[in-house]
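The sequence and structure are shown first.

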Amino acid sequence: MKKSFAIETHDLTKVYGTGNTEVVAMQDASMQVQHGEVVALLGPSGSGKSTFLTAVGLINPPTFGQVFIGGQLTLDGPQARTNLRSFRRRHIGFIFQKSNLIPFLSAIENVQIALELNGETSGTARRRARELLDDLGIGDRADNLPSMLSGGQQQRVAVARALANRPSVILADEPTAALDSHRGRQVMELFAQVAHERGAGVIVVTHDHRALDVFDTIYEMEDGRMFRQG
Amino acid sequence: MNLASKDIRHNLGRFALTTLGVGMLLMVVMGMGGIYRGIVEDATLLIDRVGADLWIIQRNTRGPFAEVSRVPPNLVHRALAVPSVQSAREFVYHTIQREREGKPLRIAVLGLSWPTDKGEWIPLIAGRPLAQNHFEMIADKSLGFRLGETVELGKETYTVVGITTSMISSNGDGIGFFTVTDAQAIQFDTPGEAVRLERASREARGERSEMGLKQPPLLEQAVKPSGELPAIARPQLSAVMVSVSPGTDPNQVADIISGWGDVSVFTQKGQRELLLKGSVEKIRRQIGLFRILLTVIAAIIMALILYTLTLDKIHSIALLKLIGAPNTVILGMIMQQALVLGVLGFGIAYLIGQKVFPMFPRRVILTQVDLSQLAFIVLVISVASSFLGIWKAMRVSPNEALS
């Protein structure tokens, strides 16, 4: 068991289709993210960034390769080595380009549900959810449904939900796309803060080059292949 | 946090309308059960209430409730002569159709054996039992008569002296209780011209007969009313009801009477079964099968509703899976909504049914047993119909939250 990295991938390859329709979306993508490290993943559309992220997030298993989270082997090719859903709940926080909130839950309930699913009592979950929303500056909209929030506000609720269970891994796919530059930078800095304070490994897929200074390491993907830039 | 209630609250209007629709559907299922029960109850009510241990009817018939049964009036006295027979009463029963205020009025005419039977056993909601041998009647309230109202039937006028309720024939017609004599007068009422023609015909037949040729004075009798002619029998009865002495097994008495060649005899239970297996059986089966069909349709519709409700939540379900919600949380959400839909639908069906069913022309009887059975069926349907939605939800990939 490897313990030195928050996230470690070995030669992740994802192949869709077979024969003439075979498409290689990701090939031999390897990455190591230490605890407390914030990694940016850059690349043009279709380069395989989201495929990599969903593989690391244990959502879309690779065809080949291995994924270790906190030193634990979770995916060995398409084979799950643990209960993926339970593992995701306990260890991984997701933020996506679209806020992806549950439409019939209020802002605070969207955060609260993540905590309750992880075993928190309703009262504790609600207090913690409110703290997170306050920290992100949307405590006053806590009782609003997602449909009553702006895109930026929805995204901050999604960030709060991702942070709720103090995950050891945070995966963000274009998290600042719906935010203005100021709020976008705030979110990036928040990731850095969470990573440094809690020792979480953070991978952020982004096109926003204005905030690259926040990141400890930068990777780039092109045609399914991954390169480390710095 | 209860996700089912949150989702319902978020889509309250649509869920309420859906529940109302399911409720109306279940009300039809409930109503069919009530109609079924009403038919059985109506068919057997008279037999149960009239309190006869044995029914003596025309040989090889199914009795007056199923077909025409004719027995001679002297059968009452023959029955009384049988050991252990406590009482024997005449029973006359037939249905007539007249017009009242421009609308057809069907009355199941039932003759009470005056003075033995004045109708004291009939549950009255107004008025009194019969107090004289002629020209009085007790009417079921479904006939629409008022207390004291007079009704012309045949050549006579009858006064409504009592109003009863829930006294319905197996065909759903309200029963009018008369004395046997009046019931027969109504049944055998003949227009004056027909009487005159019959008398003339009788005289003509007599003139051609050997008896008329040998004894011409006899022909003078032919033009008299039938009732004054000793050779013409009294009108026949539909059946004779027998009560046996306390402690006597009715089957023992039935065994004796069944030896008579001109009649058949049934115990109260036998007559009841005969009625249910005879005239009521087809409609009972028809409604029973229709009820099953409706229940299946309700189950299919509920399954489709729950499937659609699940489809509307596919993204949320995928998202729940993405953030690690176990299947039990998702399954619970769908199952709870199915149960809420079923329980509220049942409640709506019951409440609306209570208001609507009394307006039906025939009785719709909701018994506790039937309601409990339906409630159980609704629970089973709710759970079963949620399986389609659960099946769909279980197949959803967390990937779909990203699309």
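## Terms and basis

A residue is buried under 20% relative accessible area, exposed over 50% and partly exposed in between (1.4 Å probe, protein chains only). Helices (H or I, at least four residues) and strands (E, at least two) are DSSP runs, numbered from the N terminus.

The model is predicted: local features need pLDDT of at least 70, side-chain atom pairs count only at pLDDT 80 or more, and totals for chains, interfaces and linings use all residues. Residues are numbered from 1 along each chain as its sequence is written, chains are lettered from A and ligands numbered from 1 in the order in which they are written, and side-chain values use heavy atoms, with hydrogens and water left out.

## Helix α5 of chain A

Of the 14 residues of α5(A), 13 are buried. The expected span of a helix is 1.5 Å times one less than its number of residues. For α5(A), residues 151–164, this gives 20 Å, in agreement with the 20 Å between its end C-alpha atoms.

## Interface of chains A and B

Contact (heavy atoms within 4.5 Å) involves 26 residues of chain B and 22 residues of chain A. Buried area is the accessible area (1.4 Å probe) that two parts lose on being put together, summed over both. The two chains bury about 2,200 Å² between them, 65% of it on carbon and sulfur atoms. Met1(B), Leu322(B) and Ile323(B) supply 29% of the area that chain B buries against chain A, more than any other three residues.

One salt bridge is counted between the chains (a side-chain nitrogen of Lys or Arg within 4 Å of a carboxyl oxygen of Asp or Glu). Lys6(B) and Glu109(A) form a salt bridge through their side chains, at 2.4 Å from N to O. The elements that give two or more residues to the side of chain B that touches chain A are α1 (3–10), α11 (314–322) and α12 (327–356) of chain B. Among these, α11(B) gives the most, with six residues.

## Helix α11 of chain B

Eight of the nine residues of α11(B) are buried, including Ile314(B), Leu319(B) and Leu322(B). Gly324(B), which follows α11(B), has a positive phi near 95°.

## Further backbone features

Asp11(A), in strand β1 (residues 5–16) of chain A, has a positive phi of about 50° although it is not a glycine. Asp11(A) is partly exposed, at 43% relative accessibility.

A cis peptide bond, with omega about 0°, joins Trp114(B) and Pro115(B). Pro115(B) lies in the loop between β3 (103–112) and β4 (124–127) of chain B.
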